[in-house]
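Student: I have a structure to read and I am new to this. Can we go through it together?

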Amino acid sequence: MKSADLPKNEAQRLAALHEYAILDTPPEQTYDDITRLAAYVCEAPIAVICFVDSDRTFYKSAYGITMPSIARGATFSSHAILKPNEVFEIFDTRKDDRFFDSPFIYDGSNNVISFTAVPIVNKEGFALGAICVVDHVARKLTALQIESLKTLAHQVMYILKVKKRNMQLEKMQAELEQKNKELEQFAYVVAHDIKNPISSLLLTTEILKKDYAAKLDENGVKFLGYLTRASSKVNDLVNGILAYYRSNSHEETADEINLGPMLTSLVEMVNIKEAVAIKLPEESIVLRSNKTALEQIFLNLINNAVKHNDKENISIEIGFKQCDNFYRFTVKDNGRGIAAENHEKIFDLFTSLQNKDRYNQHSTGIGLATVKKLAEKLGGEIGLTSSPGVGTEFFFTIKKQAPIIALNSVEQYSQLSAQA
């Protein structure tokens, strides 16, 4: 059998073939369906999808025959890829000077007498391989059968492109995840290393204000105030960054939580400098979730409801609802509200709406990003509804860990607490 010449730009063709990582891959139903369809449409006993490497032909799928990888020079398809834009047809291999002595012509029940191949061509014009049909008698395919083979060859190329794109996306995702891990580690280390000096600076500033204020003139006291506020701002930012990255490390533990007492304790922790009416759920509820994460979510939302409220009388209402597979919580306030175009934006890390709170401070843009991450880590989500000038209601869900117990009396609540 006469070996085929090498295609022009063979090095580039091989490079293109290897980019698709198809060689030596196991059988796949998608390709097997195509060869089965090719054999059916062309009324042929054998159909194959093959790819021509530098020294062999790899058979990705074979219908009607078992085909291992074969030396390139011994295959018909090595000739088929020489003209990427043409159909390669042999009416009778026994009468073709290139193939008359091929061992495949007289291969028992698999005699290769007629052979038709349509090259599988990428967008750069390189023939990577071919889809081929074989018959045991001399024959030519009809025009409709040839067009069908071309369509199937295009389909194979499409599958290759999708696979290549998916591999690229997986690689990009892996690289992005690695960079995110490195960035998180860097940010955590930097924030942690900054925290101690900032704390020391705040303490020193307070000592200066207490012990030396009388010895400073008006400008000195004013600048000392600037230093205190700036240090506090940096300290809040560092604490926020640390809290955000610590939220990744929350284990999926399921603590038993008495919701009422937990919320009461959290409200006492909020720095409230004016009259605030906070309404808690009336029903006594026991549930299971990660208590530390849930506390962080509520602390952030309650603090925000106070700090970003422009009303003289602040009103906050915390709601709870049990659903089939999750718990749903709400934190509703009568504050300034949030415009609809900012509902998604406020959950992005370091994103602030540039509005000062009621204490004349700017947000760090970390709190709600942390809340979102914690809610998702607990198997839920977070969102909001809001009317500018009227108020905002944040809602979040967490995955249910165990059946909830509703307690309708103080006696039942006391009994349960005693058993815990």
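What follows is a set of questions and answers on this structure.

Tutor: This is a predicted model, in which local features need pLDDT of at least 70, side-chain atom pairs count only at pLDDT 80 or more, and totals for chains, interfaces and linings use all residues. Residues are numbered from 1 along each chain as its sequence is written, and side-chain values use heavy atoms, with hydrogens and water left out.

Student: How many helices and strands does the protein have?

Tutor: Helices (H or I, at least four residues) and strands (E, at least two) are DSSP runs, numbered from the N terminus. The count comes to nine helices and 14 strands.

Student: What percentage of the residues is buried?

Tutor: Buried means under 20% relative accessible area, exposed over 50%, and partly exposed in between (1.4 Å probe, protein chains only). The protein has 420 residues, and the buried share is 40%.

Student: Which residues does F329 contact, leaving aside neighbours within four places in sequence?

Tutor: Contact means heavy atoms within 4.5 Å. With those neighbours left aside, the partners of F329 are L259, L287, L294, F298, G319, F320, F394, F395, F396 and I398.

Student: At what angle do α6 and α7 cross, and is the crossing left-handed or right-handed?

Tutor: Axes are lines fitted to C-alpha atoms, for helices over the stretch in contact, and angles run from 0 to 180 degrees between N-to-C directions. The axes of α6 and α7 come within 10 Å and cross at roughly 50°. Angles under 35 degrees count as roughly parallel, over 145 as roughly antiparallel, 65 to 115 as roughly perpendicular and the rest as oblique, so α6 is oblique to α7. A crossing is left-handed if the near helix is turned anticlockwise from the far one by less than a right angle, and right-handed if clockwise; this one is right-handed.

Student: How many residues of each class make up the contact of α7 with α8?

Tutor: The axes of α7 and α8 lie 9 Å apart, at an angle of about 145°. In α7, A293, Q296, I297, N300, L301 and N304 meet G367, L368, T370, V371, L374 and A375 of α8. Ala, Val, Leu, Ile, Met, Phe, Trp, Tyr, Cys and Pro count as nonpolar, Asp, Glu, Lys and Arg as charged, and the others, Gly among them, as polar. The tally is seven nonpolar, five polar and no charged.

Student: What is the C-alpha separation of L160 and Y20?

Tutor: L160 sits in helix α4 (residues 143-212). At 0% relative accessibility, L160 is buried, and its contacts beyond four places in sequence include Y20 and F51. L160 and Y20 are 140 residues apart along the chain, yet their C-alpha atoms are separated by 6.3 Å.

Student: Is D135 buried or exposed?

Tutor: D135 lies in strand β6 (residues 127-135). Not counting residues up to four places away in sequence, D135 touches E43, P45, N111, V112, I113 and S114. Its relative accessible area is 11%, so D135 is buried.
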